[in-house]
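Please consult the sequence and structure shown here alongside the text.

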Amino acid sequence: MPEHLELQHLVDLSVGSGDESVPNLLENKRPLIKRCPYLGLILATLSSLFFSLCSVIVKSLVNIDPMQLAMFRFIGVLLPTIPIVIYTEQPVFPQGKRVLLILRSIVGTVGLMLSFYAFRNMPLADASVIVFSVPVFVALFARVFLKEPCGIWNTISIILTLIGVILITHPPFIFGTYQVETNQNYNSLRGAIAAFVSTIFGANAYVLLRVLKGLHFSVIMTNFGAIAIVQTLFYSFIFGALCMPNCGTERFLVVCLALFSYLGQILLTMSLQMEQAGPVAIARSADIVFAFLWQVMFFNEIPSKFSVFGAVLVLSSVMLVGLRKWALALPADSQLRSKLGVLAQ
């Protein structure tokens with residue numbers, strides 16, 4: 001699962017779990033927020049920009065296996081969390097949670113690697129849309145494993161997302177002999193399977209995060225980054241995918257991959273400290289817009305009408321989830337909550 005989606009959930013949990021460091025930091029930023037009330041949303045959009053550029057780099061570095069690229073990106077996950085876990089003096093590998101931490105790290109790592117394979121074997125925008133639909137499926141797996149309620153709005157979001165994914169992947173058993181013009185180097189079936197399975201792993205990683213919600217987010221991310229680096233290094237060695245990036249452009253892009261991942265996480269953390277999770281989730285939908293833009297600019301691939309319509313459905317589902325989360329977080333007597341109407345029920 002893409003770690004920026006997990007980080008958004010983790011910071012939201014830390015705010016709701018009584019962690020005093022986040023509110024204190026938020027209080028220090030109040031004057032800045034008053035001067036720029038939309039600063040949190042701007043930072044979330046910038047976070048989307050950096051994460052989308054990471055996807056472009058993954059798709060461009062065709063000589064480096066996605067497993068090894070995932071390892072470089074996990075370095076960007078680990079680096080910013082080490083100072084936090086040291087400063088807050090959190091137990092790095094707490095007893096009673098170790099099995100869950102390892103399981104969550106394995107699930108998250110596999111999800112991210114599969115998303116990288118999807119970027120390689122599908123148009124960038126199509127893969128990004130499917131991978132970005134992870135939050136929609138969380139309600140389904142939370143219902144199965146945690147027995148959480150799955151209401152009508154969650155059901156509608158899941159149905160819209162599935163229809164959108166079908167339109168994007170256009171499976172032959174539904175669309176018959178109709179073929180969408182794509183790059184001959186793509187393996188659309190492999191890419192579609194990798195992207196969809198990535199969302200399944202990602203949704204289950206969310207469920208595991210809910211079980212681990214009592215832990216500080218820096219502990220979870222530190223374990224995630226460290227275990228993921230070992231895991232991807234092991235996979236790369238087993239499958240013979242280890243290689244040293246070539247001097248020049250490749251090494252520069254690898255450094256950019258880790259750097260952009262780091263910047264994206266920091267900006268996302270700051271945005272979630274300034275703004276509620278619902279509006280941030282909506283602003284993060286810019287990730288899909290950037291993906292379509294980069295696909296045309298860098299890869300000269302014009303999206304099909306099915307991809308565009310499917311993306312609209314998935315984007316609508318994600319925004320519906322974000323709006324509902326925002327509505328439920330508002331006070332019961334809030335005028336804005338009353339305006340959102342049935343979403344808050």
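Confidence is lowest in helix H2 (residues 21-28), with a mean pLDDT of 45, and highest in helix H6 (residues 98-121), at 92; pLDDT is the predictor's confidence in each residue, from 0 to 100. Helices (H or I, at least four residues) are DSSP runs numbered from the N terminus. This is a predicted model, in which local features need pLDDT of at least 70 and side-chain atom pairs count only at pLDDT 80 or more, while totals for chains, interfaces and linings use all residues. Residues are numbered from 1 along each chain as its sequence is written, and side-chain values use heavy atoms, with hydrogens and water left out.

**Confidence**
- The pLDDT of the protein averages 80, and 82% of the residues score at least 70.
- Residues 10-29 have pLDDT below 50, and this stretch has 25 contacts in the model beyond near neighbours in sequence (contact: heavy atoms within 4.5 Å).
- Where pLDDT is low, the predicted coordinates should not be read in detail.

**Helices H5 and H13**
- The axes (lines fitted to C-alpha atoms over the stretch in contact, with angles from 0 to 180 degrees between N-to-C directions) of H5 (residues 66-87) and H13 (residues 249-274) come within 8 Å and cross at roughly 40 degrees.
- H5 is therefore oblique to H13 (roughly parallel is under 35 degrees, roughly antiparallel over 145, roughly perpendicular 65 to 115, and oblique the rest).
- Residues making the contact include Phe72 and Arg73 of H5 and Tyr262 and Gln265 of H13.

**Ser133**
- Ser133 lies in the loop between helix H7 (124-132) and helix H8 (134-145).
- Ser133 counts as buried because its relative accessibility is 0% (buried: under 20% relative accessible area, 1.4 Å probe, protein chains only).
- Beyond neighbours within four places in sequence, Ser133 is in contact with Thr161, Thr199, Val314 and Val318.

Conventions: Helix = DSSP H or I, 4+ residues; strand = E, 2+ residues; numbered from the N terminus. Buried < 20%, exposed > 50% of the residue type's maximum accessible area, 1.4 Å probe, protein only.
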